[in-house]
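Here is a walk through some side-chain packing in this protein. Have the viewer open and follow along.

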Amino acid sequence: MILNHRAVAMLLAAASLSLPTTFAEQLPTDPALETGKLDNGIRWIYRHHSNPPGKMALLVHLSSGSLNETDEQRGLAHFIEHMAFNGTQHYPPGTLVPYFESIGMEFGADLNASTGFDLTQYMLFLPDTSLSGIDEALKVLSDFMFRVQFSEKEIEKERGIILSEKLSRRNVAMRLQEEVWKKLYGESHFVQRMPIGTDDVIKNADRDRFIDYYNTWYRPERMTVIMVGDRPSDEVIPLVRKWFNDEKAKAPARKPFPADLRFPPRKAAVVAKDPEYQYCTLSIYNHLPPRPPTTTVEAHRQRIVERLGNRIIARRYSDRQARGEARYQTAAASITGMLRTATLAAASATGTPEQWEEMVTELVEELNRVREYGFQAHELETAARDLRASATRRVKTEETANGNRMLMRYSRRVTDEEPILSAQQRLDLLNRILPTIRVEDVTETFNRNFAPDKFVITLNIVDDPAITVPDEETLLAAMNSALARRVSPPAGATEEQPLIAKEPQPGRITDRKAYPELGITTVRMENGVTVHHRFMDYKKDTVVVSINLGGATLEEQGETLGRSEAASIAFSRPATQRVGSTEITDMLTGRNINVTGSSAPDSLTLRLRGSPTDLELGFRVAHALLLEGRVEPPAFAVWRSQRLQGIKLLGAFPEFQAGRRVRQLTSGDDPRTDTLDSRRYEQVTVEQAQEWLNRHLQSAPIEVAIVGEIPLEAALELAAKYVGSLPKRGAEDFWKLRSLKRQRGPLRARVPVASATDKAYVMVGFIGPDARATNEHRALSLAANVLTSRLIERIREEKAWVYGIAARAGRNYAFVDDSTFSVSAPCKPDYAEDVVAEVKRIFAEFAANGPTSEELENARKQIHNNLDTQMKEPVFWWRAMSDVVLHRYPLAGLVDVHEKYSAVTASQVQDVFRQYFVPERIYDVIASPKITPKAASDEAPVGQSQG
């Protein structure tokens with residue numbers, strides 16, 4: 001039965017009379033949490049959790065951010081967050097980071113902080129759960145909250161770092177956001193309180209302004225200490241009391257500033273243009289009244305109803321695009337809160353600038369269709385099934401969920417003042433609520449949220465004379481015209497087609513080899529497919545699988561460039577010659593398995609991830625794709641359009657232009673490595689992509705990795721049936737294609753960038769050992785950790801030329817002798833040459849003297865800490881096992897890896913570094929808007945030396 005909107009409203013009103021009154025009850029709280037409040041009002045939350053095992057994550061949440069700044073303090077909430085690391089009562093300037101490095105933590109990754117409009121938070125992720133370490137961490141967090149020293153010398157030093165951070169964040173997206181916000185909400189308080197602040201305050205604010213904000217807003221009643229870790233609470237909470245219980249506020253309280261969001265009282269349009277923006281982004285907003293925190297079952301039910309509606313409309317947008325009936329590339333709808341001042345209902349789409357008007361019509365048309373005909377029962381059933389499947393899997397995986405992520409989720413709930421529910425409580429509520437939700441409920445709620453009376457439409461678009469950009473009156477008229485159009489009813493449910501025409505016959509295993517030290521088993525199928533397996537239950541109900549087809553981009557040349565990435569569309573948007581992507585999406589909906597894929601430099605890759613219960617369905621889809629995968633023309637058109645737009649956009653980003661130039665220099669300008677060359681996407685056709693895919697499906701060598709909570713024999717049974725049954729293929733050798741014709745260095749380039757942002761990007765480094773030289777890479781990994789500390793100290797802290805900087809020892813297996821040791825950072829253009837010179841100076845000092853014993857020991861601890869966590873994750877082993885044959889990856893290097901890192905000496909680190917930090921392997925590149933074309937033309941030709 002098709003209902004018009006009046007009938008829907010009447011049915012909803014009738015239904016609402018019969019809703020259980022118990023829906024007004026309060027939401028429960030996760031019983032695994034322990035909570036309390038100290039004498040001074042500080043709240044605490046503790047979760048005893050053993051994943052990662054032997055670790056502890058701590059966070060202090062402060063319910064104050066940039067909204068509470070005065071006009072003279074704009075940016076100081078964020079600045080104070082920086083100052084906490086620059087001197088407290090127990091940690092004088094320059095001592096905090098070295099202490100944490102000495103216990104194996106890394107600045108940024110393991111100790112960090114963030115500031116928003118309405119919160120500030122400080123995080124510490126400890127390498128172990130020793131009581132002395134937890135005690136010290138709580139002392140540090142207590143110092144942050146109550147005992148920051150605000151040395152005038154440190155304030156002056158930090159100004160340049162804050163300005164560098166502000167510069168690093170400047171880009172076209174931020175400019176467009178600020179323009180839209182100013183036009184829509186220009187008189188609102190929050191528009192004037194961007195957390196990064198103003199240059200004037202950052203440069204000139206005196207110490208008294210810092211003290212005023214800190215003493216006023218860093219108050220016990222605004223603080224929550226949150227901890228997740230592998231230690232009993234009765235050993236930890238006394239330490240919280242020790243460091244936090246006796247602290248008092250240092251100044252009288254003030255009334256917090258509201259966001260004071262003022263939005264247009266009637267329909268409105270905003271057009272924001274920028275010469276660097278190559279996309280067209282349309283958004284239609286409804287500004288709804290603010291909502292109180294979701295604390296009752298009734299409010300929770302309302303959120304579920306809204307999520308169902310948003311899922312259904314997103315599916316309609318996606319299906320339309322898959323049928324080739326949309327000009328947009330992506331489209332979706334959402335409901336979000338805006339700093340408790342409003343609720344935002346938004347429908348958004350992205351596409352090409354030339355088709356903005358068609359996109360308006362199509363975005364509005366689906367909203368009209370819901371308003372006219374409502375949602376359909378089969379759509380609600382599908383969306384509800386998907387919600388229930390996701391909630392069920394969260395119950396299975398919560399026990400082994402990452403504790404650090406739990407910590408951040410708890411912090412969000414504290415910000416929202418909402419209870420923290422366990423996965424089981426969320427599933428129980430969902431199972432209780434879903435039967436009470438009818439399709440009419442979802443339709444009425446969606447239409448109320450997206451009532452068109454006060455729609456605001458925004459358009460972000462390129463500022464280009466070749467593109468006809470509408471003014472705001474024209475944009476508003478286009479929306480109104482679209483709203484006035486009649487629409488046809490939605491399509492009904494489609495009949496499901498069989499995915500596989502004939503059940504595959506399992507292939508035979510011809511060879512088996514075990515690596516007992518690693519828990520890995522490798523088998524060879526009679527059709528030539530290699531399969532690796534490792535059982536892991538560290539992450540419950542989780543299996544990850546990769547199916548790699550060798551060759552791909554490695555085989556491209558001339559007119560075939562770009563075909564591998566185009567061919568991988570059949571995997572990233574799964575479709576076959578028999579069953580389209582929409583039907584495959586239907587098959588996977590409500591099942592806990594994800595099937596996707598991509599192209600790598602030397603393979604086409606299919607990836608499966610999800611529950612072992614649904615893994616066979618994933619393998620069935622993979623089997624169908626490996627037999628008759630199809631590149632759908634609509635998906636191909638979206639892919640090519642997005643790639644070409646992206647290349648134009650990235651042309652104005654110095655970081656991407658610098659990276660591209662480094663790749664050209666270090667590869668000898670090999671076109672296979674230049675993914676930012678638009679020609680590779682302009683020349684390829686969908687027919688060529690399909691032909692390239694077919695060739696790989698028929699003959700490319702295949703390597704499979706299966707990691708997770710699935711026993712060996714069960715995994716091999718699936719692999720034998722769905723991959724071992726494929727046509728026979730040889731073990732083609734790609735090594736003749738892996739060489740590069742790079743010339744001797746030093747390799748140097750200065751790249752002019754046509755950017756409206758006055759920002760440069762620096763990349764300095766050298767070509768390191770081949771990826772398979774494991775011992776040498778261990779030495780360079782240790783060197784990278786040592787040098788990162790030196791770079792931060794010298795170039796960030798002393799010079800204040802950059803905000804973030806680090807050294808990285810990379811490994812590239814696709815090409816021989818192609819790994820790089822690199823340092824990169826954004827900075828002001830005037831500092832760029834100085835940064836290059838200082839990095840090289842630091843490198844030279846390291847080559848001459850090597851690491852100190854203390855530096856090397858700290859680097860070892862950091863790497864051991866990372867390995868402790870990473871090697872327990874299925875994804876680590878999945879990556880290690882995916883290309884053992886294809887890359888000749890030395891699995892033996894993973895045996896006793898901790899001991900092997902511990903055995904590396906300072907002289908070995910120095911010797912390896914000195915071996916590769918030589919003129920013929922060094923490169924340095926600067927991309928900047930301040931480089932003139934003449935200066936750029938003076939660089940050495942790609943692959944040639946320049947002193």
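Start at W735: the charged end of R738 sits over its ring, 4.8 Å from the centre. Another pairing of this kind puts R534 over the face of W877, 4.0 Å from the ring centre. Side by side, they look like this:

| Charged residue | Ring | Distance to ring centre |
|---|---|---|
| R738 | W735 | 4.8 Å |
| R534 | W877 | 4.0 Å |

Keep in mind that this is a predicted model. Its pLDDT averages 93 over the protein, and 96% of the residues score at least 70. Two stretches to treat separately are residues 1–21, where the pLDDT is below 50 and the model has 22 contacts beyond near neighbours in sequence, and residues 937–947, also with pLDDT below 50 and with 28 such contacts.

Now for rings meeting rings. The count comes to 36 aromatic pairs. One of them joins Y277 and Y279, with 6.0 Å from centre to centre and 55° between the planes, so the pair counts as tilted rather than edge-to-face, which would take over 60 degrees. Y277 has a relative accessible area of 13%, and it counts as buried because that is under 20%.

Elsewhere, six phenylalanines make up one aromatic cluster: F766, F821, F843, F846, F913 and F917. Two of these names come back when you look at the largest nonpolar core, which has 65 residues: F821 and F913 touch the most other members. Which helix gives this core its largest share? That's helix α26 (residues 774–798), with 10 residues.

Leaving out residues up to four places away in sequence, F913 touches F766, F821, F843 and F846, along with L780, A783, L787 and A847.

T415 is found in helix α13 (residues 403–416). Is T415 buried or exposed? Its relative accessibility is 16%, so T415 falls under the 20% cut-off and counts as buried. The side chain of T415 also has a polar partner, making a contact of 2.7 Å with the side chain of H61. Besides H61, T415 touches D118, L119 and R340, again not counting residues up to four places away in sequence.

Methods. Residues are numbered from 1 along each chain as its sequence is written. This is a predicted model: local features need pLDDT of at least 70, side-chain atom pairs count only at pLDDT 80 or more; totals for chains, interfaces and linings use all residues. Side-chain values use heavy atoms; hydrogens and water are left out. pLDDT is the predictor's confidence in each residue, from 0 to 100. Contact means heavy atoms within 4.5 Å. Rings of Phe, Tyr and Trp (its six-membered ring) pair if their centres lie within 6.5 Å; planes under 30 degrees apart count as stacked, over 60 as edge-to-face and the rest as tilted. Buried means under 20% relative accessible area, exposed over 50%, partly exposed in between (1.4 Å probe, protein chains only). A charge sits over a ring if NZ of Lys or CZ of Arg is within 6 Å of the ring centre and within 35 degrees of the ring normal. A nonpolar core is a set of buried Ala, Val, Leu, Ile, Met, Phe, Trp, Tyr and Cys residues joined through side-chain atoms within 4.5 Å. Helices (H or I, at least four residues) and strands (E, at least two) are DSSP runs, numbered from the N terminus. A polar contact is a pair of N or O atoms within 3.5 Å; within protein, one must be able to donate a hydrogen and the other to accept it, and residues adjacent in sequence count only if both atoms are side-chain atoms.
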